[in-house]
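I wanted to look up how two chains meet and how one of them is built.

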Amino acid sequence: MSRKRSVDRRDFLKGAAVTGAAALVPDAVAAAAPQAPPAEAAGQAARPAAAGAVREADPLVEVSETTDRPGGDFMVDVLKSLNIEYVASNPGSSFRGIHESIINYGGNAMPEFLTCCHEESSVAMAHAYFKAEGKPMAVLCHGTVGLQHAAMAIYNAYCDRVPVYLLAGNSLDATMRRPGVEWAHSVQDAASMLRDFIKWDDNPISLPHFAESAVRAYKIAMTPPMMPVLIVLDGGLQEDPIPPDVASRLRVPKLTLAAPPQGDSGAVAEAARLLVDAQNPVVVADRLARTPAGITRLVELAEALQAPVVDQHGRMNFPSRHPLNQSENAGQLIANADVILGLELTDFWGTVHAFRDAQHRTSRSRIRPGTRLISINAVDLFVKSNFQDFQRYPEVDVAMAADAEATLPALTEAVKRLATDDRRRAFQERRARLEEAHGRARQAARNEAAHAWEASPISTGRLAAELWAQIRNDDWALVSESGNTSGWAFRLWDFDKHYQHLGDSGGAGVGYGAPAAVGGALANKKHGRLSVNIQGDGDFLYAPGVWWTAAHHRIPLLTVMHNNRAYHQEVMHIQRMANRHQRGITRANIGTTIEDPNVDFAKIAQGMGVHAEGPITNPRDLAPAFQRALAVVRKGEPALVDVVTQPR
Amino acid sequence: MKTMMAAAAVLFLVTAVAGAQTPAPAQQTAPAGNADSGAKVWKSVGCWQCHGYEAQGGAAGPRLAARNLPWTGFSAYVRRPANQMPLYTEKALPTADLAHIYAYVQSRPAPPQNIPLLLK
């Protein structure tokens, strides 16, 4: 953390020249944009000759008050080596050094700076972007006021087992802080307030230390169970010239991601035996599919057994129209199961128990006595104690502390080996029954969606059906959470690709939906996918500035408001309390609804440069409004249609 | 904590007894209700929150529209729900109002058939 004001330029160059990590630096460094110096080696101070000449002419100013090789540049080299595409950030002085290095030295590419209006938006964008793209986005914020804003979104990512690469600015050397704000923006231990819900953090005190920790953090974040990590960037380290003795030691460490842990072979064999012998096995998947391979592997296992699959939608796990997709019949299947395989379940206990939220809270088992439970869950490898997202303790029969996606091929192989001809015949019969059940469930969903078809406020079934009609021939992706629209998209749409659904927030911290949709849409942009978002009104209002970010960065995204004019979950909770207390049962709207005045979401979006229309109250107006908005989105920009809807 | 539990236990007994004393809604025909009044009560006391404004149902509560549920079961369920639905006691929601609600639910039309959008 040198705060030396001058540097001997010749020594600096000499020292830098001896670094030799070129072989270890990925192409990203060499591929830096035009403004960037040619980077023969990471951390090497190769600078344009012209700049050097000017510098020689005025030693006082040039040598003591400027530098053309600040520490932040080397940090950018490291970020480039990690192939980080974007850094989402609300600008802040504690990281002005690396900010400037990113845009000028790094050429504002790999990573590109995304201007965000709230740190919560930055993190939630990164959160959903990962689920669509499979690699982490960086987030840059103040170590103090920024991380505090970001904390809730970080908690969501933690609960959702998603890596977010957090970089936070801080000024450690008290004698070098500017009086006033910089003191308020400095902290001894920036990570302390997050340590319960991030996987790892460090506070490097030198650039070589930064390099190792930055690469290590990436590796830790990407090892299942994946979670956010944090590197605190000292201001001096970012802004000061790279000292010559340090320059000679600078190199970017090699990144080798850890292969995800696979279930123990004995446990895999036992699980396969139970599944093959079962009369009524059920496969339940929650945060299973980390990569597109997750879907393929689950289909292979399900077809090897001809077993029903219940998708709990933590990720896009299983094609919605595959005949073995029996998510609609989950309750009945679980009640009749003799073996249940849970793949990365957030809540195995809750999957096999019913819990009653009444004055006297009671629970009961949903399964038959003797039903065998098999769990494959990477979270068993890493659990923290303070925040209670780990749910009730599940009493299972076979538990693999392992990554389910990585374990599935071995399990499927074992199942195929054990399946005798007799069992295969039984599997085929099961398949026939399940195909029929799937068809019936689909028909039932259509019948249900027809109710309240002409209603105003517009039914969520109608909303989903109208939207589907407009996008079904595109390469589409639903980038929103969809918990609050009665699951209509899953019931009516044909999901089969990993990016078509990105799960939900993880921690149920409201305010995730809007920025997550923008982050998911950003990932989809370069693949030419059409991103759509069904957006809750309460969620929208947390940090609406993200719509400006979408407009500014030309992120194509159709947002359809599910505007029920309330924090509706809370309306229901207050109703429950009033009923229980037998008083004021007409007053659950107080403190929970978003009326008087009604929010004009189209106006808000328009004010941020987003094409927008609404509020729409007549369902017959939906199709033309969607068409107009989609025309804008197909041209590469965001658009919004505000729809006044039924509550759920 | 213990006092709280004790109080809760007493409350439970009280409601249980009160529940038992409420005359069982045995009559098969509903007391006279008016669908228009029912629409208002449906909205004011919160049934819409979980069952939808049109009683069409959704993730938070099942469809009640176009099911022709008998009054006996309907009213019994509201008074003593077995699962997630919050109970509505006679004190909070008089039977006369529940009868209006019932009339409203019964008046919800059958859905249109063969909607082209739902066939894709």
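**Ground rules.** This is a predicted model, so I kept in mind that local features need pLDDT of at least 70 and side-chain atom pairs count only at pLDDT 80 or more, while totals for chains, interfaces and linings use all residues. Residues are numbered from 1 along each chain as its sequence is written, chains are lettered from A and ligands numbered from 1 in the order in which they are written, and side-chain values use heavy atoms, with hydrogens and water left out.

**Chain B by itself.** I found 5 helices and 0 strands in chain B, with helices taken as DSSP runs of H or I of at least four residues and strands as E runs of at least two, numbered from the N terminus. Of its 120 residues, 36% count as buried (under 20% relative accessible area, exposed being over 50% and partly exposed in between, 1.4 Å probe, protein chains only). I also looked at contacts (heavy atoms within 4.5 Å): among those in chain B between residues at least 6 apart in sequence, 64% join residues at least 24 apart.

**Where chain B meets chain A.** I see 39 residues of chain B in contact with 38 residues of chain A. The buried area is about 3300 Å², and carbon and sulfur atoms give 60% of it; this is the accessible area (1.4 Å probe) that two parts lose on being put together, summed over both. On the chain B side, Gln49(B), Leu118(B) and Lys120(B) lose the most area to chain A, together 21% of what that side buries.

The rule (a side-chain nitrogen of Lys or Arg within 4 Å of a carboxyl oxygen of Asp or Glu) finds 1 salt bridge here. Helices α1 (2-21) and α3 (47-51) of chain B each supply at least two residues of the side that touches chain A, and α1(B) gives the largest share, 4 residues.

**Rings.** I count 18 aromatic pairs over all chains (Phe, Tyr or six-membered Trp rings with centres within 6.5 Å; planes under 30 degrees apart are stacked, over 60 edge-to-face, the rest tilted). The rings of Trp42(B) and Tyr104(B) have centres 5.8 Å apart and planes at 50°, so this pair is tilted. Trp42(B) sits in α2 (residues 35-44) and Tyr104(B) in α5 (residues 95-107), 62 residues apart. Trp42(B) is buried at 1% relative accessible area, and Tyr104(B) is buried at 7%.
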